[in-house]
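Hello,

Here is the structure you asked about. Please open it alongside this note; my findings follow below.

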Amino acid sequence: MNDSKTKSDELDIDLLIVDDETDFRESACRYMKRIGFRVDEAEDGEEALNVTTNKKFDVVIMDIHMPGVSGIQALSELMQRESPPKVIMLTGGGTIENAVESIKLGAYDFLTKPAKLDDLARLVKRACEAHELEKENRQLKEVIRRQAPQSDMIGTSPAMQEVFRLIQRVASSDKPVLIQGESGTGKELVSRAIHKSSPLSEKPLVVVNCAALPDQLLESELFGHEKGAFTGAVAAKPGLFEIADGGTLFIDEFGEMSGALQAKLLRVLEDGSMRRVGSVAERKVKVRVIAATNRDLDQEVKDKNFREDLFYRINVLGIMLPPLRQRAGDIRLLAEKFSGPDWSVDEDVMTRLENYSWPGNVRQLQNAIERAKVLAEEDRIELKNLPAAIVESEERPVTAVNAMVSGDIDLETLNKLHVVETYEKCGKNKTKTAQALGINRRSLYRLLEKFEIS
């Protein structure tokens with residue numbers, strides 16, 4: 001059989017072969033490497049326990065009879081560890097009782113010597129499949145425990161249509177994504193939409209908020225910890241990178257991360273390597289990271305508050321979310337969605353909602369509608385049910401959004417208003433403005449010149 005074909009058919013497997021018989025161990029290592037496995041070796045049980053302390057393996061092939069720490073003793077200790085590998089025991093003729101004992105201790109299976117290497121390789125593959133299935137089950141249980149309720153995104157405004165287009169474009173990639181926007185604009189919803197549309201949609205989506213945890217707890221949450229790593233660490237705990245392995249990790253309030261954690265995160269993004277708090281063992285994970293922030297990370301880098309190398313590593317694919325005040329026509333849609341099909345909303349309420357500036361964006365609108373429903377009589381929302389800040393607010397000046405809604409402005413002036421608003425919102429940063437408008441920098445320069453915007 002062609003070796004390249006064999007390798008392509010094999011699973012991604014880290015294998016440890018433990019045997020005191022040098023000839024068998026070396027020939028087995030050569031064979032397993034040739035068919036595509038990553039292989040380490042140990043000559044006795046004591047060395048096997050040391051090797052597995054510093055590296056995670058999917059499958060271990062281990063001889064039962066070895067000098068010093070026997071295979072049975074090493075197996076017993078391995079099975080006490082968190083997420084142990086699948087262990088295949090090798091036994092000589094006449095020692096089936098020991099093999100049965102190893103199964104009771106937790107071994108996946110056993111083979112009698114002399115074992116055919118192709119039979120052994122097939123058994124390794126089946127053991128690895130079982131190991132991966134158990135891992136996916138653990139991940140699924142943890143994700144279900146942590147999963148927050150999910151809402152669908154809506155919006156017909158040009159700004160949101162551009163966001164939807166970007167979501168579809170970045171979803172097919174496995175590169176990191178940086179979502180930027182004001183608080184309450186729906187950054188987590190965008191991350192869920194990206195994951196749902198990606199090839200990883202059947203894998204876990206795990207969410208963490210950096211602003212909700214102090215540094216030490218955040219480090220433990222992201223990377224996990226070993227028993228006794230710090231006060232209160234009464235048991236080992238996997239981090240979110242391990243829980244999300246093979247899937248997506250959404251890091252909200254990314255800009256709040258401390259410098260020390262930024263360095264650790266950079267390493268995971270570069271080569272997938274991480275260590276639990278209190279551990280020396282390297283672990284490998286393959287996770288797509290989506291980060292979100294309401295901070296201007298460009299400026300944070302210039303102010304030396306954020307690592308430049310991490311910013312460029314995470315900002316491979318960027319999405320800028322528009323604030324609600326720039327989403328022409330979407331306020332009415334969102335208000336109808338939040339109120340529900342059994343409720344009516346007075347037209348003067350809608351007018352007031354569309355004229356308000358919404359500093360808290362979609363989240364603030366949702367809270368305002370929910371409050372109004374509590375205060376409303378029967379199933380009708382009236383102006384008196386809205387928060388005083390909204391009812392008493394002055395009407396907004398002419399902007400691209402409310403001008404488009406009212407329809408009392410020509411298209412040329414509307415375009416200029418939209419460019420001016422976006423330019424000012426982005427702090428007159430031309431790169432960000434071009435991204436927000438969905439055009440290149442050259443086109444932006446032409447628009448700035450055309451509309452005489454300094």
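What is the mean pLDDT of the protein chain, and what share of its residues reach 70 or more? The mean is 81, and 89% of residues reach that mark. Keep in mind that this is a predicted model.

Where pLDDT is low, predicted coordinates should not be read in detail.

Next, the sheet. Five strands form an open sheet in the order β7-β10-β13-β6-β14, with parallel pairing. β7 (205–209) and β14 (317–320) are the edge strands, each pairing on one side only. From one strand to the next, the twist averages 15 degrees. Inside this sheet, β6 (residues 177–180) and β13 (residues 288–293) pair over four bridges. Ile179 stands opposite Ala292 in β13.

Now one lysine. Lys86 lies in strand β4 (residues 86–91). Is Lys86 buried or exposed? Lys86 counts as buried, because its relative accessibility is 14%, under the 20% cut-off. Leaving out residues up to four places away in sequence, its contacts include Asp58, Tyr108, His131 and Glu134.

Last, helix α9 (residues 215–223). Its buried residues include Leu218, Glu221 and Phe223. Gly224 follows α9, with a positive phi near 80 degrees.

Best wishes

Terms used:
Residues are numbered from 1 along each chain as its sequence is written. This is a predicted model: local features need pLDDT of at least 70, side-chain atom pairs count only at pLDDT 80 or more; totals for chains, interfaces and linings use all residues. Side-chain values use heavy atoms; hydrogens and water are left out. pLDDT is the predictor's confidence in each residue, from 0 to 100. Helices (H or I, at least four residues) and strands (E, at least two) are DSSP runs, numbered from the N terminus. Buried means under 20% relative accessible area, exposed over 50%, partly exposed in between (1.4 Å probe, protein chains only). Contact means heavy atoms within 4.5 Å. Two strands pair if DSSP finds at least two bridges between them. Axes are lines fitted to C-alpha atoms, for helices over the stretch in contact, and angles run from 0 to 180 degrees between N-to-C directions.
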